[in-house]
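Here are some friendly notes from a colleague to read beside the model. They go from the overall fold to the core and then to a few ring contacts.

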Amino acid sequence: LNEVEKIKNMNELKTIEKIKYIMDKYLEMLETNEEFRAMEEMELKMIDTDDIEVADYIQNELKNLINPDENFVMLIKEGVNRGEFKEEIDAQLIFKTMSSCILGAELIWILNKKSYSIKERISEIMEPRLEMIIKK
């Protein structure tokens, strides 16, 4: 499917495909859009590891990393409700885990002067974790 068809048919996609699509779009913007990347880098540089409030800041950033309104958590719950994901998963924990992986990989990517594809690296990290929540 091309991009327009994929967006039009979003409700017909499996939940895991929606999650991968959202992650791919975010990472594509991070790799290719200079303004978006500059904004992300600025936010990451604001984190002062000696600051007492850093945990709150990071927690807030993780919430906003993929989707600002926590629609991503709802998307994971949708996967459970549709029988696509295991019933026992905690959607909030899955979201936090995915966000943490993405943020950590993004930090390392920036520190390594963007010498590799962040999209490929995060796919390598996330694919096995996403497979773990799929109901077999």
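1. Helices (H or I, at least four residues) and strands (E, at least two) are taken as DSSP runs, numbered from the N terminus. On that basis the protein chain has seven helices and zero strands. This is a predicted model, in which local features need pLDDT of at least 70 and side-chain atom pairs count only at pLDDT 80 or more, while totals for chains, interfaces and linings use all residues. Residues are numbered from 1 along each chain as its sequence is written, and side-chain values use heavy atoms, with hydrogens and water left out.

2. Of the 136 residues in the protein chain, 35% are buried (under 20% relative accessible area; exposed is over 50%, partly exposed in between; 1.4 Å probe, protein chains only). With contact meaning heavy atoms within 4.5 Å, 65% of the contacts between residues at least 6 apart in sequence join residues at least 24 apart.

3. The largest nonpolar core has 29 residues, and Ile19, Ile76, Phe85, Met98 and Leu130 have the most contacts inside it. Such a core is a set of buried Ala, Val, Leu, Ile, Met, Phe, Trp, Tyr and Cys residues joined through side-chain atoms within 4.5 Å. H2, H5, H6 and helix H7 (118-133) each give two or more residues to this core, with the largest share, eight residues, coming from H6.

4. Do have a look at H5. Its buried residues are Phe72, Val73, Leu75, Ile76, Gly79 and Val80. They lie on the same side of H5, because they cover an arc of only 160° around the axis (taken from the directions from the helix axis to the C-beta atoms). Leaving aside neighbours within four places in sequence, Ile76 is in contact with Ile19, Phe85, Ile89, Ala91, Ile94 and Phe95. After H5 comes Gly83, with a positive phi near 80°.

5. How many aromatic pairs are there? Rings of Phe, Tyr and Trp (its six-membered ring) pair if their centres lie within 6.5 Å; planes under 30 degrees apart count as stacked, over 60 as edge-to-face and the rest as tilted. The count comes to one aromatic pair: Phe72 and Phe95, tilted, at 5.9 Å centre to centre with 50° between the planes. Phe72 lies in helix H5 (residues 71-81) and Phe95 in helix H6 (residues 91-111), so the pair ties together parts 23 residues apart in sequence. Phe72 is buried at 1% relative accessibility, and Phe95 is buried with a relative accessible area of 1%.

6. Finally, Arg121 lies over the face of Tyr116, 4.0 Å from the ring centre. The rule for a charge over a ring is NZ of Lys or CZ of Arg within 6 Å of the ring centre and within 35 degrees of the ring normal.
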